[in-house]
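Dear colleague,

My findings follow directly after it.

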Amino acid sequence: MSNLTENQKPMRNELQAGRVRSAWIFLSPMIVVLLIVAAWPLSRSVWFSLTDASLLHLYDAKFIGFKNYFKVLHTDSGETLYFGVLMDKAWWNAVWNTLRFGVVSVVLETCLGMAVALVLNANFKGRGFVRAAILIPWAIPTVVSAKMWGWMLNDQLGIVNDMLIKLGIIHEKIAWVADANYSMIAVVGVDTWKTVPFMALLILAGLQMVPGDVYEAAEIDGVHPVKVFFKVTLPLVLPALMVAVIFRMMDALRIFDLVYILTPNSSQTKTMSVIARENLFDFDKFAYGSAESTLLFLFLLVVVTLYIKIGRVNLDGGVQ
Amino acid sequence: MASISIKNLKKSFGAVNVIKGIDLEIKSGEFMVFVGPSGCGKSTMLRLIAGLEDITSGTMEFDGKIVNALAPSKRGIAMVFQSYALYPHMTVFQNMAFGMKLAKNNKDEIKTRVGKAAALLQITPYLDRLPKQLSGGQRQRVAIGRAIVRDPKVFLFDEPLSNLDAALRVATRLEIAKLHHSMNNVTMVYVTHDQVEAMTLADRICVLRDGYIEQVGTPLELYETPANIFVAGFIGSPKMNLMTGKFASPYKAHTIGVRSEHLEFVTKGGWAGKVIHAETLGSDSYVFVDIGTEEPVIVRESGTTKHTVGSKVQIAPLKGKVHFFNEQGNSI
Amino acid sequence: MIPAWIKNTAFYAFVVIIVLQAVFPFYYAIVTSFKTGAEIFEISYYPRTFHLDNYYNVLFSGNGSFLRNIWNSVWVSSITVIVALFIAVTASYALSRVRFRGRSLMLMTILCVSMFPQVAVLAGLFEVVRALGLYNTDWSLIFSYTIFTLPFTVWVLTTFMRDLPIELEEAAIVDGATPWVIVSKIFMPLMWPALVTTGLLAFIAAWNEYLYALTFTASNDAARTVPVGIALLSGNSEHEIPWGPIMAASVIVTVPLIALVLIFQRKIIAGLTAGGVKG
């Protein structure tokens, strides 16, 4: 006897409903933790940027709106003075440093990474050894890298100066880390040394997904290797490359450790992260620093969103 | 054993309608085969019966009880997957026992039932092995064994033979047929794209295309009285020869069809043509004749053909073996 | 046409350059670490002397504070990774195997959180750490490191779990398995290589962390971790930088890491590319 008359509308399969319920239960610990550890502190940071908080007076901070960002003051003598992060030369200098660093290092790392990836993609004796060797710079903690290179780039005792003079490339010792003209080069150099392995590996993974018969067909057609690279390899590797580039760009824009340790207190290399922390803790301009860190966050948010929209990253590649 | 009653079943994935309105009665204990080209919806139908997919509209009843809302493990079904889907980290015994363990059956019962199923499929010596230590055919039997242990009312097969090589396929086909008999004729629903499997295993065949049923019937019914051109062309190998135009008009039909095995070579009064190709398989020969139709007509001959390529021949259909179709492609 | 032998030579020359530049800095740090105070003032390209003074200095002087730093780093990194993996396993099942409304949004949020500039939450975290009384304890670090270990482990595990065959899950469903049973009895046994990889990568990231360790621990060494310990190694006078001990400390800390990375290199590369290439 069919109970069709009881339920004209068939009920939703309890399997799917049950799975969705379980999914939310499974996600809840993560959501709770992220709320506590990320969402709350972030919103507090943003809040602090809108107050006059300081390290000693975190809790009796008063709301002052956007004055940390931009404040106009008309003095009695008729002058108009501008304050706030957005008018701070030091801040914009940091922004400029960050952008300079970001663009140059990512471009360098991508090109060199591509070169190394192409090498690793070729089949040659000792390939495994080379792949293991290039992991070493990546494995070394940033602090250690900074110290190691600080030592090698030391103007008096450093081996880099020694080598360059012996090779005749320079004629007198350069203070790589201290000299304003060279400090950014030092930072970019060390970062590139450290990151090329990572980029190379990501690009290599993309290269290895290119089916071999594409190259064989090109070989049969007698296409010049350089042309093969630009017309065949590069387009096929582009998706993986784009992912690698955006990950690196995001990391580069928020860099702190290397700059702080290798070139401390250098206005030529101070990035947005460094200057924000300085203001937060070293100078006890807590609210001011919060404003700077919030601006950095917004900046990165815009970059990520633009990338996801324009790159049409497929986040929902899960089981259909 | 359960009878399955499907009424006006529809299934869509988002905006895509995969099943467009199916009515079907599967009798208790029968071996029903869903067959059709890729994308016809046969796998989806199987998964809807299993409960692995939501039903968009319509009802499905097992023994008269609506099961739309029931989870697969509550429907009394068991399923054999195309890729066997054995748990790689468990032994054969553990694979077969898993369902019972989850249902909290006691250890002795589990041992008995698994033992019986293993004996039935002759896989008892493998009970302690891991799936990766078994061959494809053995894994397939373990997959069937796992399904048997569930003591299901309905047994579902999702193209189980596609991953096996040709010889193994024939042998396993026999095993499945024997299984049906030995399991008190439990209801079996079987999906395949191979019409030979369908013809040999089925009590009844359901031919699907594009989310609709084209025809349901016994293998012989589908062979002798296909409802339309699609079914006529799908069942039987090689494909039924179809002719239109001047060949069909004497029979007052838009299209006529004659199977290769129902054509013979005549000396006069037939359709004239030239032999363009011959395939000799030893037991039979297939002779391709160009009589002016779009595609060459294939004629089956017993043994080795004496007609050589290029020779002029005449062919004619056997009496009563011509199928007539109207403009819509339906049988008249 | 360029003859083959020139091409090959150029190729291998490039390979040699790649290997040399990768290995030399650390090699040089080792060489330096074996020199005594005076010898440091001479530049040498290969080891001429072999003294362990710097190592004794780093390990055993100063109340063994460096050893305590190492212990702190090990403890903090391990705990934070274990906690993250625990939460991430079930979360990534939900994100990779179940269709539900809001899944894309959740994935994008997780990606965004892992892109946070750490300094953006520094102020807020500082407040929480102080309010909970965690300042200058390792719990402050375990707490704050979760902000990057958790999204990272969820993201990588989700990518790995997506690759598990769906029929395996369906067979389990037909057998009557609930999602929890599927995760614990079917997926976990198959996922443990992925768990090892993800754990290792997260461990390395936590070990490496500098900003929070600098900000949330004070000058005594109770909770200080290795990166801060090395960065702040100071000499006898204000202007003397103890390069020898610094190099020794660096070698001590880096050798196990390099060993780990080399042993697990295949898994690490798989993990890095899973998170990166598949987007």
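Pro238(B) sits in chain B, in the loop that runs between α8 (229–234) and β11 (241–244). The peptide bond joining Ser237(B) to Pro238(B) is cis, with omega about 0 degrees. Please bear in mind that this is a predicted model.

Most residues other than glycine have a negative phi, and most peptide bonds are trans. Tyr84(B), however, is a residue other than glycine with a positive phi, near 65 degrees. Tyr84(B) belongs to the loop between β6 (77–80) and α2 (92–102) of chain B. Because 23 other C-beta atoms lie within 10 Å of it, Tyr84(B) is buried.

Lys252(B), which is not a glycine either, has a positive phi of about 55 degrees. Lys252(B) is found in the loop between β11 and β12 (255–258) of chain B. Lys252(B) has 10 C-beta neighbours inside 10 Å and therefore counts as exposed.

The contact between chain C and chain A is formed by 79 residues of chain C and 82 residues of chain A. On the side of chain C that touches chain A, the largest share, twelve residues, is supplied by helix α1 (residues 4–33) of chain C. By type, the residues on this side of chain C comprise 59 nonpolar, 16 polar and four charged.

Finally, I turn to the nonpolar core. In soluble globular proteins, nonpolar side chains tend to be buried together. Here the largest nonpolar core has 256 residues. Those with the most contacts inside this core are Ala200(A), Ile203(A) and Leu262(A), together with Val33(B), Leu156(B) and Val189(B). Which residues does Ile203(A) contact, leaving aside its neighbours within four places in sequence? They are Gly113(A), Met114(A) and Ala117(A), along with Val237(A), Ala240(A), Leu241(A) and Ala244(A).

Yours sincerely

Technical notes:
Residues numbered from 1 in each chain as written. Chains lettered and ligands numbered in written order. Predicted model: local features only at pLDDT ≥ 70, side-chain atom pairs only at ≥ 80, totals over all residues. Contact = placed C-beta atoms within 7 Å. Helix = DSSP H or I, 4+ residues; strand = E, 2+ residues; numbered from the N terminus. Nonpolar A, V, L, I, M, F, W, Y, C, P; charged D, E, K, R; others polar. Core = buried A, V, L, I, M, F, W, Y, C linked by C-beta atoms within 7 Å. Buried ≥ 20, exposed ≤ 12 C-beta atoms within 10 Å, placed from the backbone.
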